[in-house]
Amino acid sequence: MTSTENEAHRRDGADPGHRHLFHVPPADGGRYPESAYLAGNSLGLQPRATRTELLADLDAWSRLGVEGHLEAERPWLPYHGLLTAPAARLVGARPSETVVMNSLTVNLHLLMVSFYRPAGERTRIVIEDTAFPSDSYAVRSQARFHGLDPDTTVVRLRPRDGEENLRTEDVTAFLAAEGHTVALVLLGGVNYLTGELLDIPAITAAGRAAGAVVGWDLAHAAGNVPLSLHDWDVDFAAWCSYKYLNSGPGALAGVFVHERHHGDTGLPRFEGWWSTAADTRFEMTPVSRPPATVEAWQISNPPIFAMGPVRTSLELFDAVGMPALRDRSLRLTGYLERLLDEVTADRPLTVVTPRDPARRGCQLSVRIGTGNANELTKRLRHEHGVIADAREPDIVRFAPVPLYSTYHDCWRVADALAATVEATS
Ligand SMILES: *Cc1c(COP(=O)(O)O)cnc(C)c1O
């Protein structure tokens, strides 16, 4: 490598992130005290504020018991509302269109109850061939739930032969040609494997023009790239909060339903006491009166101690702002890309993420020509203190997260790869 460690340190001095607000795991390998944590696309780091905030909510329970529903400093009854506005800002939605609840795949199912309604020849669900496994299982089980054959109902879009990523024009051409058979388009905004950012507005427009419902899984997009779900006319979306949103393992997830669907009594929906207007929750009449907002998709009263970390994290995103994060992300990932180019030139390593910064978030995925991504990832961690994420057989994913990753982290990735993977010349 010709790039120097000193240059990385200089860049960190000029363009510091917010690493000091997070707990960074200590490093294996001895040379540096902290790990170079590039796995925030898999599980984000813990904000230092999370513990204090969580303890305050626990204290309210110990002091107040059941009265905490109304008398806690942050009363539990309307607690979920504290998360609504910052979540809406994060994804470019109106507050009435966003709610935090459940986990991601559960929410996808609840949304498909309403938005996957196969009829006549319009039965198919379009996903990407490299969809996250959970999404693939979810849509296949929805097809079976409707008495349909998942093998013919679920269409898996593939890149062209010899290419790594989907082309927008191929997706929109497919929808123009076959959209009349498509009931639901459900794609990942940022692909979990390749890091490709799809053209969400263009594909949404093409899907809706073809008469399909268009939903997005934003697990790898929320907190990673700017989103404008309302203006893009997305029908619905769902995302988790434990990746870029740093809310902890299995954290509560987010949901978006466009306001044009609010109050539509023709939509099937699963309900509980939290689906009806707050003042009718305890009514003994067997009739629910859902609010004309996304909150009609809620079912149960929410877990307060799970909401605390999401609230803390969303406040952090609000304070820093997605535009500033995206700017730093472009600089950081561009720098990692340049370092990887130096290392991969004479090694069996290939960056498979799109080269165009507009078509990716912060993640860069590297294909290991010799296979065995797990083995390489273990060596990076134990010998160099670099924490990355392997997808067998041959992809290693590196995500310099703009909130807390550093230029020096990026340098350590490239330096560790150079030391671990033998050069071919
Ligand atoms: C991480 C991820 C999931 C995980 O689903 P859970 O329900 O949170 O376990 C699902 N889909 C995508 C695209 C993901 O990236």
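Visitor: Hey, how many bridges join strand 14 to strand 15?
Guide: Strand 14 and strand 15 (residues 395-398) are joined by 3 bridges and run antiparallel. Strands here are DSSP runs of E with at least two residues, helices are runs of H or I with at least four, and both are numbered from the N terminus. This is a predicted model, where local features need pLDDT of at least 70 and side-chain atom pairs 80 or more, while totals for chains, interfaces and linings use all residues. Residues are numbered from 1 along each chain as its sequence is written, and side-chain values use heavy atoms, without hydrogens and water.

Visitor: Which residue stands opposite Arg 391?
Guide: That's Ile 395, in strand 15.

Visitor: What order do the strands of that sheet have?
Guide: The order is 11-12-15-14, an open sheet of 4 strands with antiparallel pairing (two strands pair if DSSP finds at least two bridges between them).

Visitor: New topic! Which residues are around the ligand?
Guide: You'll find Leu 104, Thr 105, Phe 132, Asp 135, Asp 217, Ala 219, His 220, Tyr 242 and Lys 243 there (each has a heavy atom within 4 Å).

Visitor: How far is a ligand oxygen from the side chain of Thr 105?
Guide: An oxygen of the ligand is 2.6 Å from a side-chain N or O atom of Thr 105. For Tyr 242, a ligand oxygen is 2.5 Å from such an atom, and for Asp 217, a ligand nitrogen is 3.1 Å away.

Visitor: How much of the ligand's area does the protein cover?
Guide: The protein covers 84% of the 390 Å² of accessible area that the ligand has on its own (Shrake-Rupley method, 1.4 Å probe).

Visitor: Last one: what order do the strands of the 7-strand sheet have?
Guide: This open sheet has the order 4-10-9-8-7-5-6, with mixed pairing. Its edge strands, strand 4 (98-101) and strand 6 (154-157), each pair on one side only. Inside the sheet, strand 8 (residues 213-217) and strand 9 (residues 236-239) run parallel, joined by 3 bridges.

Technical notes: Polar contact = N/O pair within 3.5 Å; in protein donor to acceptor, adjacent residues only side chain to side chain.
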